[in-house]
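Please keep the sequence and the coordinates in view while reading.

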Amino acid sequence: MNIVMFGPPAAGKGTQAKMLVAKHSLLQFSTGDMLREARVSGTERGRKVSGIMDRGELVSDEIVISLIDEQISLNQDSHGFIFDGFPRTIAQAEALDALMNLYDSQIDLVLSLKVDDSSLVNRITKRFTEEGRADDNPESFKVRLNAYNTQTASLLPYYSSKGKLFEVDGMLSINEVSILINEALNNKSKGLI
Ligand code: AMP
């Protein structure tokens with residue numbers, strides 16, 4: 001099964017994706033993690049994206065699509081993929097559909113974590129204090145939230161019109177969200193959703 005973990009920054013996508021990886025032997029592709037690794041290893045790609053990421057803007061579709069393209073082609077023996085933080089634009093979603101098609105596969109389920117803006121701000125303020133991630137600072141976070149609302153949220157109708165969207169209350173506890181997600185996966189594999 002191939003899953004997109006969808007939602008605004010700090011909705012809990014990464015946490016839930018990691019829990020699914022452990023339970024269902026899926027591979028997690030986080031474009032945010034891949035880009036941070038590229039920065040740490042000082043690659044040309046990493047240098048190109050560092051200012052953009054620190055400001056909280058989206059990096060180019062071309063860069064993230066090529067990262068995902070590489071990983072999908074390298075991991076064809078996997079049970080399935082979880083995309084975390086990708087796609088974030090319609091162009092990325094269309095490219096992902098085309099890539100999956102190329103390998104006779106498809107996105108099966110898009111899990112959308114819904115969290116209200118004030119809770120996101122509280123979560124990020126806490127994470128910034130604890131972890132000090134540069135793009136969690138209040139100015140960058142404002143830009144990231146705006147990028148989500150203006151460029152990414154339009155993917156909700158894109159996936160909903162394909163019957164792939166499943167919404168989850170991301171305000172619940174980590175364990176409660178995880179239970180809802182696992183129920184959705186079970187129902188999906190039984191053809192109930
Ligand atoms: P994340 O860890 O998913 O919040 O991503 C951190 C930052 O990496 C984002 O604010 C963007 O600058 C960049 N990024 C990650 N994934 C994408 C994507 N799919 N499209 C564009 N930029 C991305």
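The lining of the largest pocket consists of 20 nonpolar, 14 polar and 15 charged residues; here Ala, Val, Leu, Ile, Met, Phe, Trp, Tyr, Cys and Pro count as nonpolar, Asp, Glu, Lys and Arg as charged, and the others, Gly among them, as polar. The model is predicted, with local features requiring pLDDT of at least 70 and side-chain atom pairs pLDDT 80 or more, while totals for chains, interfaces and linings use all residues. Residues are numbered from 1 along each chain as its sequence is written, and side-chain values use heavy atoms, without hydrogens and water.

A pocket is defined on a 1 Å grid over the protein atoms alone, as an open set of points where a 1.4 Å probe fits, with protein on both sides within 12 Å along at least five of seven lines; lining residues have an atom within 4 Å of a point. The largest pocket holds about 1200 Å³ of space, a volume being the space filled by probe spheres set on the points, which are joined across faces, edges and corners. Its lining comprises 49 residues, of which Ala 10, Lys 13, Arg 127, Arg 133 and Arg 144 are the closest to the centre. Helix 6 contributes the largest share of this lining, six residues. Helices (H or I, at least four residues) and strands (E, at least two) are DSSP runs numbered from the N terminus.

The space of this largest pocket is taken by the ligand, a molecule being assigned to a pocket if more than half of its atoms lie within 2 Å of the grid points. Around the ligand stand 16 residues, with Thr 31, Arg 36, Glu 57, Gly 85 and Gln 92 the closest; a residue is included if one of its heavy atoms lies within 4 Å. By class, this shell has six nonpolar, four polar and six charged residues. Helix 2 (residues 31-40) gives the most to the shell, four residues.

Polar contacts are pairs of N or O atoms within 3.5 Å. A ligand oxygen lies 2.5 Å from a polar backbone atom of Glu 57, and a ligand nitrogen lies 3.1 Å from a polar backbone atom of Val 59. At the side chain of Arg 133, an N or O atom is 3.3 Å from an oxygen of the ligand. The protein buries 96% of the 480 Å² that the ligand exposes when taken alone, by the Shrake-Rupley method with a 1.4 Å probe.

Two backbone features remain. Phe 86 and Pro 87 are joined by a cis peptide bond with omega about -5°, and Pro 87 is in the loop between strand 3 (81-84) and helix 5 (90-102). Ser 25, not a glycine, has a positive phi of about 50°.

How values were computed
Polar contact = N/O pair within 3.5 Å; in protein donor to acceptor, adjacent residues only side chain to side chain.
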